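Me: I want to learn how to read strands and surface patches from a model. Can you take me through one?

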Amino acid sequence: MAPSSVKSVRKSRNPDLVRGVGKYSRSKMYHKRGLWAIKAKNGGEFPRHDSNSASPEPAKQNPPKFYPADDVKKPLVNKRKPKPTKLRPSVTPGTVLILLAGRFMGKRVVFLKQLSSGLLLVSGPFKINGVPLRRVNQSYVIATSTKVEISGVNLEKFDDKYFAKEAEKKKKKGEGEFFEAEKEEEKGILQQKKDDQKLVDAPLIKSIEGVPELKSYLAARFSLKSGMKPHELVF
């Protein structure tokens, strides 16, 4: 039978005779603990150990004595990482889309490419149905089975920065020269946008005119009539 493990009780070198009164005096314990030898070894002084920490520890701040009467809400840490928007399989470059919301609701447009923000770059073309180059959300479009050849369209310069609005500068009253200069600058930007629209629409219109009745299809606005069932329609 294995012996039972008994915890060894640590005994003090200076047991108490009465509570608070030790058996040996302070000088006796000085010799008994060997402190004299440690002192003699270090040149008559006890060794000192300096802290190795280079930077001092920051002082602990005591909690406030009073709590605020109203609960102060702490802002939540947003750990969400934005994921790139997935393009629907039915939406491919050159697909004719039907816009479901916005200023051009019901218009048919040609999808050109997806931008880094996830929005779709589309064009009417402007000469056919009045829809310029613009960005739309794919949640507000219906993809059709009709496609247009867009291999000849150059889309390198079009990104989200192209459509961003410039911050308005503060104007001082009574300075007519600044207003005139600003108007000329706006005219230059509008002319540049018009030129970019023509460069994109030229190859698009050429490929659209090569398909019979496609031009009139894009020019017509989509709408539902009485008796039409949207879930049974094939686009």
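Me: Which residue stands opposite Ser 123 in strand 5?
Reply: This is a predicted model. Val 110 is the residue opposite Ser 123.

Me: How many bridges join strand 4 to strand 5?
Reply: Two strands pair if there are at least two bridges between them. Strand 4 (residues 108–114) and strand 5 have 4 bridges and run antiparallel. Their hairpin has 5 residues between the strands. Gly 118 in that hairpin takes a positive phi near 100°.

Me: What stands opposite Leu 121 in strand 6?
Reply: Arg 135 does. Strand 6 (residues 134–136) is joined to strand 5 by 3 bridges, again antiparallel.

Me: Are the faces of strand 5 covered or open?
Reply: Buried means under 20% relative accessible area. Both faces of strand 5 (residues 120–123) are covered. Leu 120 and Val 122 are buried on one side, Leu 121 and Ser 123 on the other.

Me: Which residues form the nonpolar patch on the surface?
Reply: Leu 17, Val 18 and Val 21, with about 290 Å² of accessible area together. Leu 17 lies in strand 1 (residues 16–18).

Me: Why does Leu 17 count as exposed?
Reply: The cut-off is over 50% relative accessible area. Leu 17 counts as exposed because its relative accessibility is 60%.

Me: Which residues gather in the patch of positive charge?
Reply: Lys and Arg count as positive. Here Arg 10, Arg 13, Lys 23, Lys 28, Lys 32 and Arg 33 gather on the surface. Arg 10 lies in the segment before strand 1. Arg 10 is exposed, at 82% relative accessible area.

Note on methods:
Residues numbered from 1 in each chain as written. Predicted model: local features only at pLDDT ≥ 70, side-chain atom pairs only at ≥ 80, totals over all residues. Heavy atoms only, no water. Patch = residues over 30% accessible without salt bridge, like charges linked within 9 Å, V, L, I, M, F, W, Y side chains within 5 Å. Areas by Shrake-Rupley, 256 points an atom, 1.4 Å probe, with all protein chains shown as cover. Salt bridge = Lys/Arg side-chain N within 4 Å of Asp/Glu carboxyl O. Helix = DSSP H or I, 4+ residues; strand = E, 2+ residues; numbered from the N terminus. Buried < 20%, exposed > 50% of the residue type's maximum accessible area, 1.4 Å probe, protein only. Charge placed at Lys NZ, Arg CZ, Asp CG, Glu CD.
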